[in-house]
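Please consult the sequence and structure shown here while reading.

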Protein chains: 2
Amino acid sequence: MRDLPQASHAEMANAIRFLAADAVERAASGHPGMPMGMADVATVLFSRFLKFDAARPDWADRDRFVLSAGHGSMLLYALLHLTGYPGWEIGTMRDFRQLGSPAAGHPEYGHGAGIETTTGPLGQGIATAVGMALAEEMDRARFGADVVDHRTWVIAGDGCLMEGISQEAISLAGHLRLSRLVVLWDDNGITIDGGTEAATSEDQRKRFEASGWQVLACDGHDAESIASAMALAQQATRPVMIACRTTIGKGAPAKAGTAKCHGSPLGAEEIAGARAALGWAHGPFEVPEAVRSAWAAAGARGSAARLDWEARLAASAKRGAFLAHHQGGLPEGWREALAAHRAGLSGSGKAMATRKASGAALEVLTAIVPQLIGGSADLTGSVNTLTKATLPVTPQDFAGRYIHYGVREHGMAAVMNGMALHGGYRPYAGTFLVFADYLHPALRLSSLMGLPVTYVLTHDSIGLGEDGPTHQPVETLAMLRATPGLVTLRPADAIEAAEAWEIALDRATGPTAIVLSRQDLPVLRKDGGAGNAAARGGYVLAEAGCGPREVTLVATGSEVSLAVEARAALEARGIGAAVVSLPSFELFRSQRPEYRAAVLGNGLRIGIEAALRFGWDEVIGAEGGFVGMTGFGASAPAEVLYRHFGITADAVVALAVERLGHDA
Amino acid sequence: MRDLPQASHAEMANAIRFLAADAVERAASGHPGMPMGMADVATVLFSRFLKFDAARPDWADRDRFVLSAGHGSMLLYALLHLTGYPGWEIGTMRDFRQLGSPAAGHPEYGHGAGIETTTGPLGQGIATAVGMALAEEMDRARFGADVVDHRTWVIAGDGCLMEGISQEAISLAGHLRLSRLVVLWDDNGITIDGGTEAATSEDQRKRFEASGWQVLACDGHDAESIASAMALAQQATRPVMIACRTTIGKGAPAKAGTAKCHGSPLGAEEIAGARAALGWAHGPFEVPEAVRSAWAAAGARGSAARLDWEARLAASAKRGAFLAHHQGGLPEGWREALAAHRAGLSGSGKAMATRKASGAALEVLTAIVPQLIGGSADLTGSVNTLTKATLPVTPQDFAGRYIHYGVREHGMAAVMNGMALHGGYRPYAGTFLVFADYLHPALRLSSLMGLPVTYVLTHDSIGLGEDGPTHQPVETLAMLRATPGLVTLRPADAIEAAEAWEIALDRATGPTAIVLSRQDLPVLRKDGGAGNAAARGGYVLAEAGCGPREVTLVATGSEVSLAVEARAALEARGIGAAVVSLPSFELFRSQRPEYRAAVLGNGLRIGIEAALRFGWDEVIGAEGGFVGMTGFGASAPAEVLYRHFGITADAVVALAVERLGHDA
């Protein structure tokens, strides 16, 4: 190796600053201020503390780095480029924010090596990082500290800390004493609207302390101050927040320290001024060899540790279990056990709420699949997510498999994302369907990232009764069905509920929502769930019997049994009526057109769902009939509400008769 | 008046306890634990501190009481009954949770006198209360302390404080130093899953202090301890949190202090035990006369103050302004000014982003309508909600009309609800459309309560370009359109944007979402917006010209100009094509069927929207064509994305030609 001139910390940090500023300039959009402000902190982290080997971004025991302030994406991209992550050549810096580039506007998981999670919607990164740190503790409890010994580092800005989800995450992390989690707060006093004093007067240090965090501080432009804080953080027994006092856009002569450098290119003059001020005599996308070499060394710094780790893993008694866990395959036998469980249900015929049927399926699955990690947002007894195999995770014991998330739906969803991203785990957790509203921004990221997270959403209609309209979803199914990448299942009975769980476990690359009734429902299927009918999204549950099919009653969930009742009444009048159970719009949409046409028939279609019609015309046509809700619900016993809102077998029969022009 | 035996504090509190426990028992569902636990605190509040006159629930200068822990609704209903609010006779206690009763499962605004806001979804109440307290300060700045001199009292439980929205609310209230806001924290250490120690270790006192609150504590079962804290709170110069240490289900012999009394009836035996333990020798729904009389006196306690206030108001120079404000009518002239503004736009023909057009309309409106209170979740410059007439509200000056909400979308929406509920104000505020996801639970309450709140949602599609899929809504329009009671408008040009604002101002009883482009759009309408075409929801913008209409291109927002382009190309080929602009599904749905049929035509329909098809079949039929998104977006310049995703005039033309079977 040639004898290279040593690069200084300042030069290494400036390399980040100008890659960021020049990339934003070239793209004519982006956020230069944050990367310039946090360049010193990031340089110290990546060159001295972060455990990683750029050549092996898949190293399981690497530290995770989460840029919660995702708009500062060029900070991350510059680091990935400079440290030598595969696929991050200099061209990617020039292609910032261009179609197909890994250097997207915000970090997108799966678009390039080293991007640990998708960020941009503020607050999501810090909450996802809590899930990663939790997964690490859970891994350590399972596989030992000799193979699991890493940290999660987060850069979060004022915006992240203003979002409510950050409090849920901070509170949960403090409660669980996730001592391997370090949040670097970019304390620059600036948000888009100007100084943070316009909107907040919070004492962030005290706030974190209130949740049981250790709080440190540093001068975010002084490498030794930063390093001292990080070294202390490595000794912590609680999660750590380091307040890094920085100047946004550090180096930009006129715009540094102001909102002007937050979200738009600096402009040629300002960049030239920054070059002069920081003594950076290099052109756009030019990094002098000494600096490049220092950064390459930083990127390779962890390779010895990685090799050591590989040796330790090879020697570990837990090697097999660790690899099985991280390679993500599910153990043998779960499908067969679930099939046997379904077959047993068919015989019993006992009415059962699908939330309870889901719990019964989980009993079977959690006993076999150790990757399943349950939880609930303080509704454990209602959502039936706790099983005998899943003991609670506590600050004292991370060997458990059930997380009491507290009344923190949004944080819960993001934490599940983090566990799934960390690798191996298949998290599921429950709340009431209507509160999917509280967690949707994180569920959207489950979908966008393609994570195998399962949402258990119970009390799925006016069927929950007396709790009233605040608790009765009417539009929530539409919201879920509208979310790309999500499969929403609303099972009609205990067998479909068990089928839904098979579908969820088979989905390794995307989230699933299982929508369940509070109230008991009869077991409708007599086939024992052989072949998993629900996996087709929709199927003929009962064909017309008394003659050719004149009407198809298409229903989901609790309304399928109502359709079965209506069918009997129609058939008694000599009207050929079929019942289609449609547990999933998405899965049904993906079937062949011929299948869909055969299932739906070409006569009158009537949709039945205790929710709004919005979205149903895809199935029943604009000319189809619909029996369901037309607005918000009300507070009364469930059976009263079904009558009040006219969601009854009689109403279905009357509508069919009217539409078909038969005599009443 | 007869000489009645005096009722003790304990007896008054026990009256609440047993009304609650017995009502839950009779309904066979509900939450007895919280009312029993907080009965002492509520008794002290309503009998000694809360400024109200039960006979006049509409008294503008009354204190507001918000039961953020809405599941404890029987606490509120018992108080409304005992203090003599109109419509809360003893029968309503028996009808708890029955259809049509004001005593719904959770408090529902508008269902009965004295219910200041709908609560139940946790965290909403405390955030809404911040809006009420803010509105009160704003009222005082406008109308003087002689007519505006009240407080907002909140009961919040552990669940409320775990929800992220509570942090947004606490932080904003602390920042604005809302010294008339008092939160009574029901510190009972219990949530549904059991002891709070399962999920939280937060030091709530320190947390509130970190946000600038004054924190007090009391023994929540000692009337004098409670009263001392409340008296101190009345002297505060900052918002106050009083930690009330209580026992959930106080009095229930076996279940008090446990989760068992949280969410289900106590059972006959336990209630009998509570009667014995508390010395309450009265049957269900029986309140002895002395207690009834003491409570009636509490309910009438404020009538003298109300009469004084009425006299002060009558004498106030601000009387006219105050009444005009609180009676909610908008001043004369705004409609005409907006019409003149629209007419001016028509002539200019200058391309303009609809977000900017919205800002221009707001300039006109805010200059005339003082009730309009603007704001943004830290995106002021992007969402164009700040006008010359709206100066910022600051802790030092509540005369302003613009609120820097910070990066707190969810809190922002709830605060707007609170301002609207307090009376007179017409709040509007902006964020990016995709972040409607963060605020939807509060928007849902705007809809459920029928509040005139306007959501300004910009950057409404892939047209925002480089920020990428995290920032590009594709399912968000469907989510909004699925929300009952909300009118969603996606204007096509500057004129429709101004029409949208007219529609929003005309909606006194429900929220409006105005969905706006980042990118410039040509002015399409040549009629100057006379008559407000957008108010019909959809209309023919351009009829087929070259012959009979063969195809109807139905588009919204930024895609209407694309439809106009496609129409020109189709007409050039001799295909009669009409363009329908469809700014609002909801308003269009409410038109007469004949009108809708005429607008949409009976030929081929093609929907065009840079979003998912979900929900569109209502308009174009399942057999209609659609040009739009099929999944998440990507990061690239907007025009590149439109081509990449095939949302172009060429694609529309090709689809129309193919479907019509014309030669290409």
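The following paragraphs treat the domains, the annotated site and then the pocket of this predicted model.

**Domains.** Chain A is assigned domain 1 (9-309), domain 2 (334-515) and domain 3 (534-660). Between the C-alpha centres of domain 1 of chain A and domain 3 of chain A the distance is 52 Å.

**Annotated site.** An unreviewed UniProt entry lists Asp158(A), Asn188(A) and Ile190(A) under "binding site". These residues are spread over 33 residues of sequence, yet they cluster in space, with a largest C-alpha distance of 7.9 Å. Asp158(A) belongs to helix H6 (residues 158-162) of chain A, whereas Asn188(A) occupies the loop between strand S3 (181-187) and strand S4 (190-191) of chain A.

| Residue | Relative accessibility |
|---|---|
| Asp158(A) | 9% |
| Asn188(A) | 10% |

Asp158(A) counts as buried because its relative accessibility, 9%, is under 20%. Asn188(A) likewise counts as buried, at 10%. Beyond four places in sequence, the contacts of Asp158(A) include Asn188(A) and Ile190(A), as well as Trp185(A) and Thr196(A). With sequence neighbours within four places set aside, Asn188(A) touches Asp158(A), Arg245(A), Thr246(A) and Ile248(A).

**Largest pocket.** The largest pocket has a volume of about 1,000 Å³ and is lined by 38 residues. Nearest its centre lie Arg613(A), Asp617(A), Arg589(B), Arg596(B) and Glu618(B). Among the elements giving two or more residues to this lining are strand S20 (625-628) of chain A and helix H23 (593-600) of chain B. By class, the lining comprises 19 nonpolar, 8 polar and 11 charged residues.

Notes:
Residues numbered from 1 in each chain as written. Chains lettered and ligands numbered in written order. Predicted model: local features only at pLDDT ≥ 70, side-chain atom pairs only at ≥ 80, totals over all residues. Heavy atoms only, no water. 1 Å grid on protein atoms, 1.4 Å probe; cavity = no way out; pocket = protein on both sides within 12 Å on 5 of 7 lines; lining within 4 Å. Points joined across faces, edges and corners; volume = space filled by probe spheres on them. Helix = DSSP H or I, 4+ residues; strand = E, 2+ residues; numbered from the N terminus. Nonpolar A, V, L, I, M, F, W, Y, C, P; charged D, E, K, R; others polar. Domains from an automatic or database assignment. UniProt positions renumbered as here; feature names shortened; annotations may be inferred. Buried < 20%, exposed > 50% of the residue type's maximum accessible area, 1.4 Å probe, protein only. Contact = heavy atoms within 4.5 Å.
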